[in-house]
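Here are my notes for your first look at this one. Have the structure open as you read, and take the points in order.

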Amino acid sequence: MEKAAECLRTLAHPHRLRIIQILLEHDESVGELARACELPSNAVSEHLRILKDRGYLQNERQGRKVFYKIAEPALADIMHCIEKRFVLAPAQGVANLELLN
């Protein structure tokens, strides 16, 4: 349970959840993630570092760009639960879409 709690503490940040949500769809560079999350690149880089250090992401250099992708398949299940409860719940409406944006 301690490892599960550490995982949840790491994921318990709206920007990290959004990054994971994007990366579950497709691999992205820091610049693209920064644009999608409306954050400075250095902030996105720090979130990516944390997620990578925990083993949730991996990266691959393609030319001058570094692309990040999901390394932990279970993140898809975690995000499914989050999206089901907080994003797609019919009674919650559009207001909760801000949770992951």
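1. A word on handedness before we start, since it comes up below: a crossing of two helices is called right-handed if the near helix is turned clockwise from the far one by less than a right angle, and left-handed if it is turned anticlockwise. Please also keep in mind that this is a predicted model.

2. The overall layout. The protein chain holds 5 helices and 3 strands, and reading from the N terminus the order is α-α-β-α-α-β-β-α. There are 101 residues in the protein chain, and 33% of them count as buried. Its accessible surface is about 6,500 Å², with 53% of that belonging to carbon and sulfur atoms. As for contacts in the protein chain with a separation of 6 or more, 46% are between residues 24 or more positions apart.

3. Helix α2 against helix α3. Two packed helices are described by the angle between their axes and the distance between the axes. Helix α2 covers residues 14-25 and helix α3 covers residues 30-37; they pack at about 120 degrees, and their axes are 10 Å apart. Angles of 65 to 115 degrees would count as roughly perpendicular, but this pair is oblique. The crossing of α2 and α3 is right-handed. On the α2 side the contact is made by Arg18, Ile19, Ile22 and Leu23, and on the α3 side by Leu33, Ala36 and Cys37. Sorted by class, the contact of α2 with α3 comes out as 6 nonpolar residues, 1 charged and no polar.

4. Helix α3 against helix α4. Here the angle is about 110 degrees and the axes lie 9 Å apart, which makes α3 roughly perpendicular to α4. Val30, Gly31, Leu33 and Ala34 come from α3, while Ser41, Val44, Ser45 and Leu48 come from α4. This contact of α3 with α4 has 5 nonpolar and 3 polar residues, with no charged ones.

5. Helix α2 against helix α4. These two pack at about 75 degrees with axes 10 Å apart, so α2 is roughly perpendicular to α4. His15, Arg16, Ile19, Ile20 and Leu23 of α2 meet Val44, His47, Leu48, Ile50 and Leu51 of α4. The residues in the contact of α2 with α4 are 7 nonpolar, 2 polar and 1 charged.

6. Leu51 deserves a stop. What does Leu51 touch, not counting residues up to four places away in sequence? The list is Thr10, Leu11, Arg16, Ile19, Ile20, Tyr56 and Leu57. Leu51 sits in helix α4, residues 41-53, and it is buried, with a relative accessible area of 0%. If you want a distance to check, the C-alpha atoms of Leu51 and Ala71 are 9.8 Å apart, and these residues are 20 apart along the chain.

7. Ala34, back in helix α3. Is Ala34 buried or exposed? Its relative accessibility is 7%, so it counts as buried. Leaving out residues up to four places away in sequence, Ala34 touches Leu39, Pro40, Ser41 and Val44.

8. Glu38 is one to click on. It is found in the loop between α3 and α4. Glu38 has a positive phi of about 55 degrees, although it is not a glycine. Is Glu38 exposed or buried? The relative accessible area of Glu38 is 73%, so it is exposed.

9. Ser29, to finish. Where is Ser29 found? It belongs to strand β1, which is made of residues 28-29. Ser29 is buried at a relative accessible area of 5%. Setting aside neighbours within four places in sequence, Ser29 is in contact with Lys65, Val66 and Phe67.

Methods: Residues are numbered from 1 along each chain as its sequence is written. This is a predicted model: local features need pLDDT of at least 70, side-chain atom pairs count only at pLDDT 80 or more; totals for chains, interfaces and linings use all residues. Side-chain values use heavy atoms; hydrogens and water are left out. Axes are lines fitted to C-alpha atoms, for helices over the stretch in contact, and angles run from 0 to 180 degrees between N-to-C directions. Helices (H or I, at least four residues) and strands (E, at least two) are DSSP runs, numbered from the N terminus. Angles under 35 degrees count as roughly parallel, over 145 as roughly antiparallel, 65 to 115 as roughly perpendicular and the rest as oblique. Contact means heavy atoms within 4.5 Å. Ala, Val, Leu, Ile, Met, Phe, Trp, Tyr, Cys and Pro count as nonpolar, Asp, Glu, Lys and Arg as charged, and the others, Gly among them, as polar. Buried means under 20% relative accessible area, exposed over 50%, partly exposed in between (1.4 Å probe, protein chains only). Accessible areas come from the Shrake-Rupley method with a 1.4 Å probe; for residues, only the protein chains shown count as cover.
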